[in-house]
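Subject: Structure handover

Hello,

Here is the structure I promised to pass on. Please open it, then read the notes below it.

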Amino acid sequence: MPMTRGGRLLRNPGFVVGAAIVAFTTIVAILAPWIVPYDPFAIDLQRRLVPPSFMEGGDPRNFLGTDQLGRDYLSRLIYGARISMVIGVLTVITSGLIGITLGVLGGFYGGKIDDFVVFCITTRLSIPAVLVALAVAALRGSSFMLVVLVLGLLLWDRFAVVARSTTMQIRNLDYVAAAWCAGVSRWWVLTREVLPNIATHLAVVATLEMALAILLEAALSFLGLGVPPPLPSWGLMISEAKEYMFFEAWVIIIPGAALFILVLGVNLLGDALRDMMGTDLSR
Amino acid sequence: MLRFFLRRFAVAVLVALTVLTLAFMLTRLSGDLAISIAGPNATAEDVETIRRVYGLDRPVWVQYFDWLGRAVQGDFGESYFFRDRVANLIGARMPVTLTLGLVGLVIALVVSLPLGILAAVREGSWVDRAVALFAMIGQAMPSFWLGLVLMIVFGLQLGWLPISGVETWEGFVLPGVVLAFSAIPSLTRLTRSGMIEALSSDYIRTARAKGLSRLSILVKHGFRNAAIPVVSIAAVQLGFMLGGSVVIETVFALHGVGFLAWESISKNDFPVVQAVVLVLALIYIALTLLADLLNAVLDPRLRTA
């Protein structure tokens, strides 16, 4: 009996694990204000760097311990999930809008327009993204929205590459030709014929870009030019805990592991989608 | 062939000019550059003086062409903070960054080529799946965090390697490994898919029919063909790795170009930032150009593209 796409996905362990991680993080991020045990911003200088409750010297009141200012680590971690997810999603929306527009136009029209699109992609790829993001954050003063904007403006290249090549593949297929013959407008062909048929490919890119955006936000915050303190970005938590890591390794292990697991989950999800389509976009 | 080279070269020059313009625009993002340079404690007179001294009172397009004219000659002006020519600063720091990039690339190749070949030979087996999982883990690893964890394990607990600095070659090991992780996933996947394609081709069947040894088939016939895309992607990856070295150099306090950029960013030293962005972009453009030409030489089918 032939298996449906959904059935095949559910038998893919990568998909199940990835989906579970992403779903769990999403729920935690949405419910953050209601499920945190303590206020993530509440400072308690009497109880600094208390180890997690399962470690020696831990306190059952703080499951993951407290940070260098006595703030509950679990509560900060939960709010950090919110920051990572929101930055990931908003960046994908911004970069997707830019990249897909450019890619579809280039792939659809070809010729001079395509030359221009390819030129934009080449130029974008030659710009060192992390460095430019750091410089812009330093010049404009870093804020949550600035990080989203900068990452969105920098990470559209893969969207454009994939949208362009997939559009090229389908623009001469029969159903597109049939739409033209039916006398519909150019806008109709682009939005009703082309876009839906490249959507799955774009979904895979979206997961890759989301993972990249989450990692880059953490790196920027780690370098002190991402999300400003006291917001509990996971990158910022690692940065603030760095001074103490040689005495208390758990202070950087915990936020780093959270970051790693979330990014792994998003990537696993993307990989399963790619397997499902039987195409290889890893290049 | 010549037409392909010329066209590709012209595009590279055009991209370089666009990046030059973007680098100029980047520093004007702050609105008033003189105020940023002067810092928070400066008086209005200080700002005026700075504006005059640095020529910021001229129209923007005059500043742009002045800067462009100098930049194409390799003159990036003077650092506000270090009181030295920017070109000297970058020149002095470049060897560390290049060494780090090359060490990272070599480690990446040493890891990904055998893994990719192994996965291809045993396609679909548990080995193949394990390699895919390894690539997946590498892709999800936050580089700065991996750096810190390796510092704790190898620097502090085992005491095998220095935690920062590059006074000896050992200092390059940990940052090199971390940097390699950014290229290992894609290089491994590419080697695997290239090998699978090569191994299923007719000339491999012929080689098998001739009774050649398994190793000879793998290396001489399979890998040599699979290596073509890997070579070009490796060049491109090197460019990405140099661009990403800012994070790793900061973590390990390696005084390379990335660290210089980070220092300059925090000190509002814009000529340096601008120049580093530019130099890294130009290296990337040169490397991709090289990769394309190399590809065209190795694989004649691509020349008409």
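First, a definition: two residues are in contact if their C-beta atoms, placed from the backbone, lie within 7 Å. This is a predicted model, in which local features need pLDDT of at least 70, side-chain atom pairs count only at pLDDT 80 or more, and totals for chains, interfaces and linings use all residues. Residues are numbered from 1 along each chain as its sequence is written, while chains are lettered from A and ligands numbered from 1 in the order in which they are written.

Where the chains meet

37 residues of chain A are in contact with 41 residues of chain B. On the chain A side, α4, α5 (129-140), α9 and α11 (250-277) each supply at least two of the touching residues. Helices here are DSSP runs (H or I, at least four residues), and strands are too (E, at least two); both are numbered from the N terminus. By class, that side of chain A has 26 nonpolar, 6 polar and 5 charged residues. Nonpolar covers Ala, Val, Leu, Ile, Met, Phe, Trp, Tyr, Cys and Pro; charged covers Asp, Glu, Lys and Arg; the others, Gly among them, are polar.

One helix, two partners

Two packed helices are described by the angle between their axes and the distance between the axes. Axes are lines fitted to C-alpha atoms, for helices over the stretch in contact, and angles run from 0 to 180 degrees between N-to-C directions.

Take α4(A), residues 111-126, with α7(A), residues 157-170: they pack at about 150°, axes 10 Å apart. So α4(A) is roughly antiparallel to α7(A). The cut-offs are under 35 degrees for roughly parallel, over 145 for roughly antiparallel, 65 to 115 for roughly perpendicular, and oblique for the rest. From α4(A) come Val117(A), Ile121(A), Arg124(A) and Leu125(A); from α7(A) come Asp157(A), Ala160(A), Val161(A) and Arg164(A). This contact of α4(A) with α7(A) has 5 nonpolar, no polar and 3 charged residues.

Now cross to chain B. α4(A) and α1(B), residues 2-27, pack at about 60°, with axes 10 Å apart. The two are therefore oblique to each other. Thr122(A), Thr123(A) and Ser126(A) in α4(A) meet Val11(B), Val15(B), Thr18(B) and Val19(B) in α1(B). Here the classes are 3 nonpolar, 4 polar and no charged residues.

The core

A residue is buried if 20 or more other C-beta atoms lie within 10 Å of its own, exposed if 12 or fewer, and partly exposed in between; C-beta atoms are placed from the backbone. A nonpolar core is a set of buried Ala, Val, Leu, Ile, Met, Phe, Trp, Tyr and Cys residues joined through C-beta atoms within 7 Å.

The largest such core has 163 residues; Ala133(A), Leu134(A), Ala135(A), Val276(B) and Val277(B) have the most contacts inside it. Helix α9 of chain A, residues 186-222, gives the most to this core, with 18 residues. Ala135(A) touches Leu26(B), Ile265(B), Val273(B) and Val277(B), not counting residues up to four places away in sequence.

Leu212(A) is found in α9 of chain A. Is Leu212(A) buried or exposed? Leu212(A) is buried, because 23 other C-beta atoms lie within 10 Å.

Chain B

Chain B has 13 helices and 0 strands. Its C-alpha trace spans about 85 × 60 × 30 Å along its principal axes. Of its 305 residues, 41% are buried. Gly211(B) follows α10(B), with a positive phi near 85°.

Best wishes
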